[in-house]
Amino acid sequence: MTRAAPRPARQASPRVPRDALRVAAPLLREIGDLKRVRTADSTVSMAGRAFLRSWAALARGADPGRIAALECAAAVAGARLAGVDGPVLRQCGLTASEAAAVLARSVGRHAGRLDAVTLGRLREALPRLAAAEHHDAPAPRFAVDLCAQPRAGATRPGRPRLMVEPPENHGDHCWAVAVYGGLLAEAFGADPTDAFLLGLAHHLHNAVLPDAGFAGEELLGEHLPGITARLTGRSLAALPGPLASRLTGLLALREGAVHPAARAFHAADVLDRVLQVHHHARAAAFTAEQALDDLDLVHPCAVSGFHRAVLAAAEAV
């Protein structure tokens, strides 16, 4: 979220749905890993492809509610299936009903982490996901640019930037916030489509403005609100009028955490920022023992005994 300088005074924390957030958090972390999943047919992550796909459909005039449901369902299914999505399953020879069953099996792995209404909405979208085909419909230029624009990461005024590699891009982040918001909407009493759209659009200005983080925003000072408004308006002008108007109204809600859609958005935004930092911390601390012992790199199978004997003989464990 873009924050105007100077730093606002600390406010009392609004009430949050603690149980729903605690239960959903592990699923959100798995979904966030789609930022790092790629397949042979694209150099863009699964998250980035979903971001571009969403904007391409919205720019063509597709129903936002339909897109929100489809992309949230695809994200939950992809948490375990990674790059094996509906079109891939169809290319592998599965019928639409067989592909839908596989997607439903993956979504079912997380049934206990979502409320019944949200889970029902995802399951209703699965047949459409299974019948979908890969297409290369162009996304608006701002969406392409956001996928190329790196995020600043953690910054604080008066201190050097904490650099992590590879840097996340804004397309991946906005997609994650959109999906998290859509999945958490019910817990906040929010419209899931509004929460999804707000997450998808909250960094439109960064299609042009490089991200210097909170430290850079404070230096921009009184110029920041005008810059953000002008650049956001430039991106909105590329969209159908009704959608642009809806987004304008939703983006105005970000200044507080009062409206249900704003609350779902802010929860999704802060969760994604912190989960991203946790990812870098885990990657930096990763050990071979974790892969072997915790993740069953040599997983149980007909030849796992032979595998372990080979590793022991080679003193590789």
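User: In this predicted model, is F142 buried or exposed?

Analyst: The cut-off for buried is under 20% relative accessible area. F142 has a relative accessibility of 6% in the predicted model. F142 therefore counts as buried.

User: How do the rings of W55 and F142 pair, stacked or edge-to-face?

Analyst: W55 is itself buried, with a relative accessible area of 0%. The ring centres of W55 and F142 are 5.0 Å apart, and their planes stand at 85°. Planes over 60 degrees apart count as edge-to-face. The pair of W55 and F142 is therefore edge-to-face.

User: How many residues apart in sequence are the parts that the pair of W55 and F142 ties together?

Analyst: W55 belongs to helix 2, whereas F142 belongs to helix 7 (residues 141-148). The pair therefore ties together parts whose separation in sequence is 87 residues.

User: Which helix holds both F51 and W55?

Analyst: F51 and W55 are 4 residues apart, about one turn of the helix. F51 is buried, at 0% relative accessibility. Both residues lie within residues 46-59, which is helix 2.

User: How many aromatic pairs are there?

Analyst: Ring centres must lie within 6.5 Å to pair. By this rule the count is 2 aromatic pairs. F51 and W55 have ring centres 6.5 Å apart and planes at 80°, so that pair is edge-to-face. The count asked for is 2.

User: Which residues do the ring pairs link into a cluster?

Analyst: F51 pairs with W55, and W55 pairs with F142. The cluster linked by ring pairs consists of F51, W55 and F142.

Conventions
Residues numbered from 1 in each chain as written. Predicted model: local features only at pLDDT ≥ 70, side-chain atom pairs only at ≥ 80, totals over all residues. Heavy atoms only, no water. Phe/Tyr/Trp six-rings, centres within 6.5 Å; stacked < 30°, edge-to-face > 60°. Helix = DSSP H or I, 4+ residues; strand = E, 2+ residues; numbered from the N terminus. Buried < 20%, exposed > 50% of the residue type's maximum accessible area, 1.4 Å probe, protein only.
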